[in-house]
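The sequence and the structure come first.

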Amino acid sequence: MQPHFLNNILGKIPAAHRKYLAQRFRRLTRPAWWASVCGTAVSDDFGYDRGTPVDRYYIERFLQQHCSDIHGHVLEVKDSHYTDRFGLAVDRRDVLDIDSANRQATIVADLATADSISSNTFDCFILCQTLMLIYEVRSAIAHAYRILRPGGVLLVTVPAVSSLCSLRADYWRFTVASCSALFGEVFGSDNITVRSHGNVAAAVGFLMGLAYDEIAQKKLDEHDENVPLIISVRAVKRQDSAP
């Protein structure tokens with residue numbers, strides 16, 4: 001929460017600039033060195049109040065690399081932000097959420113029990129940073145496979161390292177090995193590509209609550225397979241799948 005005097009100031013500034021100024025103010029009042037010196041995070045919102053969180057650097061890079069998969073009828077969780085940003089030739093977009101209060105949701109369902117969603121419907125399903133919040137993760141992956149059309153692509157990211165999400169129950173953290181097993185048993189091992197992203201500096205920065213532009217890009221681009229920040233999965237539904 002911002003101080004009252006800051007809210008008063010921001011209220012007089014055009015909305016387009018308020019978020020940026022609030023983030024700059026947060027960085028000034030709680031600089032990055034504060035976390036390392038005092039042993040405490042500088043953000044309790046994963047770094048959103050300072051800019052773009054560190055994990056999003058890798059998530060966005062992954063989606064950019066696979067933007068050609070984001071086409072046709074696309075499903076995304078919570079909102080259509082990444083569909084809008086990275087999609088190519090998107091004909092229709094749907095938004096999935098378990099929360100019926102989400103006005104952007106066009107489909108209200110729990111992915112783990114999503115029998116109400118028709119099979120063979122989507123050309124692409126963007127499922128970022130969601131599976132850690134679903135206890136029945138195997139069931140969620142099975143439904144994600146079912147609702148894709150043959151040849152459809154599931155683009156997934158999951159945390160390997162993260163603070164706990166305070167808004168919902170937070171059950172899991174993942175590895176390349178666990179993702180290879182979980183998605184391989186549903187999609188087939190030949191139809192998945194699993195990668196780790198990040199390193200010690202990225203993981204520490206994310207836990208501290210830094211924005212990714214507070215860390216040198218050269219450092220972010222280093223890869224340490226023993227200390228990943230996120231895991232990405234590209235999974236393709238077999239063309240010969242039963243209708």
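## Strand E5 and its sheet

Strand E5 (residues 148–159) is largely enclosed by the rest of the structure, because nine of its twelve residues are buried (under 20% relative accessible area; exposed is over 50% and partly exposed in between, with a 1.4 Å probe and protein chains only). The chain reaches E5 from E4 through H6, and this β-α-β crossover is right-handed (with the strands pointing away from the viewer, the path from the first strand over the helix to the second runs clockwise). Helices (H or I, at least four residues) and strands (E, at least two) are DSSP runs, numbered from the N terminus.

The model is predicted: local features need pLDDT of at least 70 and side-chain atom pairs count only at pLDDT 80 or more, while totals for chains, interfaces and linings use all residues. Residues are numbered from 1 along each chain as its sequence is written, and side-chain values use heavy atoms, with hydrogens and water left out.

E5 runs parallel to E4, with six bridges joining them, and pairs with strand E7 (residues 230–236) in the antiparallel sense over seven bridges. Two strands pair if DSSP finds at least two bridges between them. Val-153 of E5 has Cys-124 opposite, and Val-153 also stands opposite Val-236 in E7. Ile-126 stands opposite Leu-155 in E5.

These strands belong to an open sheet of seven strands with mixed pairing, in the order E3-E2-E1-E4-E5-E7-E6. Strand E3 (107–108) and strand E6 (192–197) are the edge strands, each pairing on one side only.

Tyr-135 forms a nonpolar surface patch with Tyr-171 and Trp-172, with about 330 Å² of accessible area together. Patch residues have over 30% relative accessible area and no salt bridge, and nonpolar side chains are joined within 5 Å.

Conventions:
Patch = residues over 30% accessible without salt bridge, like charges linked within 9 Å, V, L, I, M, F, W, Y side chains within 5 Å. Areas by Shrake-Rupley, 256 points an atom, 1.4 Å probe, with all protein chains shown as cover. Salt bridge = Lys/Arg side-chain N within 4 Å of Asp/Glu carboxyl O.
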